[in-house]
Structure formats: C-alpha cells, structure tokens
Amino acid sequence: MKHRVWPSFLPAISWLLFSALLGPVGLVRAQTTLPPPSADSLRELSQERHPPPLVPVVAPTDTLVRVAPCPAAGPRVRVSAVLFVGNSTTKERTLLAELDFREGDSLAVAELPARLEANRRRVYNLQLFHTVLVQASCGGTGQLIVLFSLQERWYILPTPIFSLADPNFNRWWARPSSERWQRIDYGLHLTHTNFRGRAEQVTANVQLGFNRKYELFYEAPGFGRRRRVGLGFGISYYQSRNLDYVTLSDRPTPLATPEEDAFPIQRFYVSGGIRLRHTVQLVSAIDVSYHRELISDLIYQLNPNYYLGLQQRQYLELSGLITNNKRNTFAYPLTGQFMQAALSFRQFVGVGALPAYATARLRYARYLSLGHNFYYALGLWAQARLLTDRLAYADARSLGYEALVRGYDNYVVEGRHYGLVQQGLSFRAWAPPPLRIPFINNPKINTLPLAVYLNAFADAGVASGRLGYLPSDTNQLPGQVLASVGLGLHLVTYYDRVFCFELTRTTTGYARTGFFLRSSFPI
C-alpha cells in the first residue's frame, strides 16, 4: 500500500488553526532582519571544481537578490568572497556544492542578477531554509562580495501518526461508516531532514492499528567536497488486517470483515543503492532490493490471481531513476520544468517463480508564467510494462494510484500501460508577507508563510493492456478514456505544505460531481 501523506496534515493544520485563533492582533508582519551569523560561516572558502554554469534566468521583480552597482567594474567582475550567514546547522560545503561559481571566478555584470537568482533557487530548493536572500556588492578593491543570508528550518520533526488506511481521503470517506472507522492507523513518524548538517535524511516509522508498519530509511545525497556520490538504504516490514484483493465495478474491494487470526497481507523488503548527484536539480539513483510478500489462505481462495497462483513470492528488483527538476520551487511550482524517467527490472525467485518483467515510467511537466499573477501547468505521465503478458493482480495497478485523473479518486484501473495528461490554470489571489508570531522567539517556527491560488483544471487518461488473467466483467474503465474538469482552491503554507480543495466533474465512465481534498500540488 502506498505511503500516505495524511500524517503530514497534522502539524500544518495545528499551526493554521492556532494562527487563526490569534487573529490580526496577535500576528504581525515578519521583519526582514537578517539572521545572526554562525561561528564558522565567515571563514575563507576553498577553491574546488564546480558544475558548469547555469543557463541564465530572468530575475523576477520580486526576487530576493540585491545587487549593488560596481562603478569601477567593466563587463566582468571577479568574485573575491562568497559568504553565508544563518547556517548554524548546515555545513558550508553542502551549500557550496549547489553554486555554479566560486571565489576567484569572473562573472558577467549584465547577467549577474539572473545568475545569482538561479543559484538562490538552488539553495532554497534544498528545502532546508525558510528564506534565502542574496546580496552582492563591490568592496574598495572593485571585486564582488556575495552574501547568502539564510533562515534555517526545524529539522527534527516527530509527527504523531493518525492516518487513514487508504491511499487517499476520498476513498476512505466513500467506505461504509462501520468499516471506515476501523481503518485508522496510529503511531510515530520521525524525520531528520538535515542529519549531520549535510542534507542527509533519516526517517523512522512505528505504526500500529489497522496497518502495522516498522520502517527505517536513510538518504545521503552526496559525500565529499563535491557531494557527487551518495547512498540510500531502507528496510520495511508491513502487515494489514484487511486487503483490497479484487477490483469490482472499478472500485478496490476489501474483505467484508477484517481477519481476526491472520494478516491478509504481509510484506518485507530491504533496499540499498547509490545516488549520483550533479546538483539538487539533477539527481540519479540506482537501487537493488529484495522483497518477500505473503497473502493469507482466505485471500488466496478468493483471488488466486492476486499472485498468479502463488500464496508467497520473492523477487529481486533493480531500478534506475533520473530526475531533472528545474522548477522555481519544488513544493508549489509556478515556472520551469520537471522530467523524471524510471526503469526497473523484477526477477522472481524461489519455487514457482513468476515470469520476470520490466517497467518503464516517464513523467514530464512544464510551468509557465502568463503575467498578471496567472500561471499555466501541463503534466504528462506514461507507463509501460514489458517482457511478459502475464501479470499478477498486485502488479496490474495503473490509473488511480500515483497517477490519477482527478475526480476518479474512488476508482482504480487495471492495465499494463497508461497515459495521462493534466492541465491547470492558476491565479495567485493572495500572497501577503509572512506573518510572525510575536511571543515565539525561535525563528525556525515563528514565521507563517501563506499564499492562496485559484485553479481551473482538465485531465484525461487511459489505461489498457493484456494482463494474463480475466478481470471482472463489472469493470468498465480499462481501455476507456477518462476525462474530468474542475475548480480548486490551493493553500500553500508552513514547511512546504500544500492543501488543495477541488470541485471536480467527471465526464466519461462515471459522470458525477465530487469534492476532493489533496495534500500536494497535483501536477
């Protein structure tokens, strides 16, 4: 079952409600005072190789880059110093690895604002800071001094788990009320997003309730001075009291009552791999993993095709992923583009091994500013499963999971291949300066950013392909083009949290209107 984002609602919603109770008297606009420098942030930086220069971007009028004129400079100016203030936890080496210039480099004066803005975005998109400001000025020698002023976030985030045992809120709410309240998970989710000050991430989950989960993950984006090669590791054990074991009328269907003396599904996996990191925008990953999965006797009897005639299966998987993320911000992008390509090969092992197969996935998105606070987004998704015509029910997931035609949240489509197109037009309706809570002194948590967007969208997608078993004849959506239109209200706030409230009308298959809640930007 997919990782759910519902636990991440809790801290953000708590802060929003708390701030709303304070009212306009209790909140004041955040000041622009620079954070205090760390003890080692002004030391001289070492000379080292760095990535090729960024393609210059147009610095927007509201950029957080300030460049003082250098009267004595010619068409180019030499960088005499690169300084950081406010990085009390984050190592300077981690920040330097994102820049495309170093001390001693010569920069074109005409491109300086755009060049600094592009580098500021790179540092900001590490998602380690609330704000990143850049100031550049020439000293008495006529050489350039570049100062990055940073406001760090809170990096250790313990979050109580009180989540839904379904992939999304809409599917959970559609269940009968007697079943709905049994499908609750609780526990503790602990994340350190800047372990050792090197942007390494450690995540631990202890989850009890309907679904039991014990997990530990470690991601090191890069080691050494250049931070080009990193590592990833993960281990997970999962059990559930119920399982969506078949698709009927295009809806995932669980057991009528949860099993009392057995777990319908148990999964274990361990994975490890390397990360090849050019910058925060361009990252590749190569992983190898071992999986063991087991279904109960009851699930096997009800749907022998769940694992194609097996009750237990084991497999090795080799996967590669490359991500080129050139969006202006990663949480709620308005300009730029995103491309992600993935290829995996799954080899089953053990008695009665299933046929091996490969999966290719591609995702592309483009974001454009139309002026006057209007923005357009286009997203393309595609998947193909290769090398076999026989897939187990558990491997035939297509639309309705990670890739979704909005409005069909309560439905899933079985298939080997799918294609999806999403479009959205957003208007920035309200984006006040960040609010500061005056009686909390810690700058990591006392600043509340807020932006509101109005959104209109249209989606279309189709899934099809031979599976090696006969799906239920009650399913209508495989092979049919799904289409929807809708209106949304998007709220962007604390620690990159995004809340989307959407009213959607589906136009094919099951034509109906519904209201949906999401926790991330859909495109």
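**Entry 1: the open sheet**

What order do the strands of the open sheet of five strands have? I read it as S2-S5-S6-S3-S4, with mixed pairing. Strand S2 (65–67) and strand S4 (106–108) are at the edges with a single partner strand each, so one side of each has no neighbour in the sheet. From one strand to the next, the twist averages 30°.

I noted the terms as I went. Helices (H or I, at least four residues) and strands (E, at least two) are DSSP runs, numbered from the N terminus. Two strands pair if DSSP finds at least two bridges between them.

Strand S3 (residues 76–85) pairs with S4 in the antiparallel sense, over three bridges. Arg76 has Ala108 in S4 as its bridge partner.

Helix H3 (residues 112–124) lies across S2, S4, strand S5 (129–138) and strand S6 (144–152). H3 runs at about 155° to S5; the axes are lines fitted to C-alpha atoms, for helices over the stretch in contact, and angles run from 0 to 180 degrees between N-to-C directions.

**Entry 2: what kind of model this is**

I wrote down that this is a predicted model, where local features need pLDDT of at least 70 and side-chain atom pairs count only at pLDDT 80 or more, while totals for chains, interfaces and linings use all residues. Residues are numbered from 1 along each chain as its sequence is written, and side-chain values use heavy atoms, with hydrogens and water left out.

**Entry 3: the whole protein**

I looked up the totals next. The protein has six helices and 26 strands. Of its 523 residues, 49% are buried; buried means under 20% relative accessible area, exposed over 50%, and partly exposed in between (1.4 Å probe, protein chains only). Among contacts between residues at least 6 apart in sequence, 65% join residues at least 24 apart, where contact means heavy atoms within 4.5 Å.

How many bridges join strand S14 (residues 265–279) and strand S15 (residues 282–295)? I found 14, in the antiparallel sense. S14 and S15 form a hairpin, with two residues between them. Across this pair, Gly272 stands opposite Val288 in S15.

S15 also pairs with strand S16 (residues 312–325), again antiparallel, over 13 bridges. There I found Leu282 opposite Asn324 in S16.

Arg196 has a positive phi of about 65° although it is not a glycine. Arg196 lies in the loop between strand S8 (184–195) and strand S9 (200–209). Is Arg196 buried or partly exposed? Its relative accessible area is 41%, so Arg196 is partly exposed. Leaving out residues up to four places away in sequence, Arg196 touches Lys91 and Phe223. Thr90 is 106 residues from Arg196 in sequence, yet 7.9 Å from it in space, C-alpha to C-alpha.

The other is Asn373, where phi is near 70°. Asn373 is placed in the loop between strand S18 (357–371) and strand S19 (374–386). Asn373 counts as partly exposed because its relative accessibility is 32%.

**Entry 4: Ile156**

I found Ile156 in strand S7 (residues 156–164). With a relative accessible area of 43%, Ile156 is partly exposed. Beyond its neighbours within four places in sequence, Ile156 is in contact with Leu190, Thr191 and His192. Phe195 is 39 residues from Ile156 in sequence and 8.6 Å from it in space, C-alpha to C-alpha.

**Entry 5: a cavity**

A cavity is a set of points, on a 1 Å grid over the protein atoms alone, where a 1.4 Å probe fits but cannot get out; lining residues have an atom within 4 Å of a point. Grid points are joined across faces, edges and corners, and a volume is the space filled by probe spheres set on the points. I counted six cavities of 30 Å³ or more by this rule.

I picked the second largest cavity, with a volume of about 50 Å³. Which residues line the second largest cavity? They are Pro333, Leu334, Tyr367, Tyr375, Tyr376, Ala377, Gly424, Ser426 and Phe521. S19 and strand S20 (417–430) each supply at least two residues of this lining, and S19 gives the most, with three residues. By class, the lining has seven nonpolar, two polar and no charged residues. Here Ala, Val, Leu, Ile, Met, Phe, Trp, Tyr, Cys and Pro count as nonpolar, Asp, Glu, Lys and Arg as charged, and the others, Gly among them, as polar.

Definitions and conventions
On a 1 Å grid over the protein atoms alone, a cavity is a set of points where a 1.4 Å probe fits but cannot get out, and a pocket is an open set with protein on both sides within 12 Å along at least five of seven lines; lining residues have an atom within 4 Å of a point.
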